[in-house]
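Good morning, and thank you for joining this meeting. Please look at the sequence and the structure now on display, and I will then take you through several of its parts.

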Amino acid sequence: MNGWWKNAVGYQIYPRSFRDANHDGIGDLQGIIEKLPYLQSLGIDFIWLNPVYASPNVDNGYDISDYQDIHPDFGTMADFAELLEKAHAAGIKIIMDLVVNHTSDQHPWFLEAKKGKDNPYRDYYLWADATENKMPNAWQSFFGGSTWTYDENSGQAYFHVFAPEQPDLNWKNPQVREEICRMIRWWLDLGIDGFRLDAISHIQKEPWDFKISDNPWAPFMNVAGIEVYMQELKEIFDAYPIMTVGEASGVSSKKAVHWTKEDGYLNMIFELEHNVREGQPGAERLNLLGFKKVLSRWQKDLGSNGWNALYVENHDNPRIASILGDESPKSAKAIATMYMLLKGTPFIYQGQEIGMTNFAFESMEQVDAQDSHNLYRLLLDSGASPEEALRNVTHWTRDHSRTPLQWDGGMFGGFSELLPWMAVNSNTAQVNIFDQEKDEQSVLNHYKELIQLRKEQPFFADSAFELILKNHPQVFAYLRKTDTKQVLVLTNISRKPCRIDLPTRVANKNWRMLSTNAEQATVEKRIWMQPYDAWVFEAIG
Ligand code: ISL
Ligand code: CA
């Protein structure tokens with residue numbers, strides 16, 4: 001079916017932390033197979049799987065050494081085939097992570113390329129003359145430090161926007177693109193249902209002498225020339241009934257229309273603007289006005305021509321219940337209502353559906369993410385005390401989202417019988433799937449209700465979005481509209497009660513409540529909302 005993804009709800013699985021079926025402390029493909037009935041009961045339509053390919057795991061699978069094999073931690077190709085078949089039988093599609101900005105430095109292409117300037121694989125990567133003390137330019141990588149690593153053997157350096165163990169591929173080389181296309185077709189021919197394209201806006205780079213003015217990432221953010229590569233990818237994708245979602249930081253909401261329109265490169269993209277890491281440790285919390293401004297601009301700019309991917313959590317960010325919420329179930333439900341009814345395809349990150357919270361890291365030994373360790377070292381070097389550095393790093397580390405999924409209140413949260421690779425949050429006795437399945441008022445059941453609402457009413461895919469109460473610092477409120485129908489979403493995303501004054505044209509209508517995370521309520525011109533109240537109304541008459 002063309003455009004099936006417009007009425008679909010996605011669920012992101014971080015396989016290392018989802019479910020460990022063979023009890024070695026690491027989540028695996030059999031664990032996902034075991035839990036398919038859970039995913040089915042949740043009502044989701046597709047899974048996006050973070051990388052499960054062969055990898056030395058410098059960046060937990062985002063450094064791939066073989067694109068056509070499964071990491072032994074996760075299982076085998078046979079396990080993957082079984083997952084695909086059983087997921088399809090359960091009515092669940094599977095989207096794979098496509099990591100083609102870079103490979104692992106252990107990929108056979110790079111091992112060859114490193115052998116010398118005249119190796120046939122040399123031009124698969126990006127090299128420039130350098131000395132040990134002088135890199136080709138001063139560009140900085142996302143994970144800290146230079147984008148260049150010196151190679152003594154050849155007197156050159158190679159380029160990487162992430163870790164040195166993740167050398168960037170040279171997309172200018174047609175042979176590289178051919179290899180990538182072949183690999184993409186191989187997966188699609190296996191019957192997978194699409195791709196999430198990792199860091200895809202970075203595949204094109206400015207010339208090495210490009211001068212950086214303000215944005216340090218400008219030389220590799222949606223740089224001109226990328227259109228050619230995206231068009232080539234699109235032509236492959238077009239031959240399959242799949243969905244594609246690009247992680248495309250640096251593609252503005254204006255430009256995103258071109259990427260996601262009917263004949264755009266991809267079906268949708270993840271914008272990274274709304275999870276700007278504002279605030280110093282202690283200052284806490286994102287500012288709701290800023291958050292609303294970004295999300296509503298994307299709603300408006302993509303309008304009815306482009307398409308949004310909606311998310312509030314992923315494997316790179318802390319838990320939203322600890323950022324916008326106060327860690328209560330009520331706040332987790334309010335956040336769900338607030339973003340799940342926007343226009344676009346909603347993604348739920350594992351654990352978000354039960355309101356999992358940030359982890360109280362007590363030492364750097366509990367932290368896995370490489371960028372967090374780099375930041376820690378940089379902070380110590382710049383004079384911070386170990387306590388300050390730890391506090392700063394663990395305020396935003398992406399490891400908050402990587403603690404094992406909390407299946408029950410037992411040992412290791414029901415994730416594994418062996419000590420897991422990453423600590424289990426101590427609140428697993430209070431926050432877990434087993435208990436929430438039985439509790440009608442749980443966060444989990446609120447998610448199920450919202451998923452059903454979207455599925456029963458294609459209206460949520462089709463209707464227009466209109467922000468109301470734009471300048472209210474606590475409330476995220478909007479209308480969804482067609483000529484014949486209107487839905488009103490009112491959410492107080494704050495720890496304090498507040499008053500709202502609705503526009504007369506809204507207050508004058510008759511409304512029927514569709515969903516609430518608290519008491520029943522009615523629409524009037526002036527309403528009081530309690531902290532984290534979240535209400536959905538449908539206009540009648
Ligand atoms: O653009 C960025 C910062 O403004 C980066 O966030 C970048 O686009 C993003 O971090 C890419 O993340 C993805 O690729 C990484 C991997 O570590 C992340 O887990 C993945 O989501 C490298 O493959
Ligand atoms: Ca395992």
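Let me begin with a term: a polar contact is a pair of N or O atoms within 3.5 Å; within protein, one must be able to donate a hydrogen and the other to accept it, and residues adjacent in sequence count only if both atoms are side-chain atoms. The model is predicted, so to speak of local features we need pLDDT of at least 70 and, for side-chain atom pairs, 80 or more, while totals for chains, interfaces and linings use all residues. Residues are numbered from 1 along each chain as its sequence is written, chains are lettered from A and ligands numbered from 1 in the order in which they are written, and side-chain values use heavy atoms, without hydrogens and water.

We turn to ligand 1. A polar side-chain atom of H102 lies 3.0 Å from one of the ligand's oxygen atoms. For the side chain of D59, the distance from an N or O atom to an oxygen atom of ligand 1 is 2.5 Å, and for that of D198 it is 2.8 Å. On its own, ligand 1 has 500 Å² of accessible area, of which the protein covers 87%; such areas come from the Shrake-Rupley method with a 1.4 Å probe, and for residues only the protein chains shown count as cover.

Next, the aromatic rings. Rings of Phe, Tyr and Trp (its six-membered ring) pair if their centres lie within 6.5 Å; planes under 30 degrees apart count as stacked, over 60 as edge-to-face and the rest as tilted. The structure holds 41 such pairs. W4 and F46 have ring centres 6.0 Å apart and planes at 80 degrees, so they are edge-to-face. W4 lies in the segment before β1 (10-13) and F46 in strand β2 (residues 46-49), so this pair ties together parts 42 residues apart in sequence. Strands are DSSP runs (E, at least two residues), numbered from the N terminus.

Finally, consider E538. Is E538 buried or exposed? With a relative accessibility of 12%, E538 counts as buried, where buried means under 20% relative accessible area, exposed over 50%, and partly exposed in between (1.4 Å probe, protein chains only). E538 is placed in strand β20 (residues 534-540). Its side chain makes polar contacts with the side chain of R512 at 2.6 Å and with that of K485 at 3.3 Å.

Notes. Helix = DSSP H or I, 4+ residues; strand = E, 2+ residues; numbered from the N terminus.
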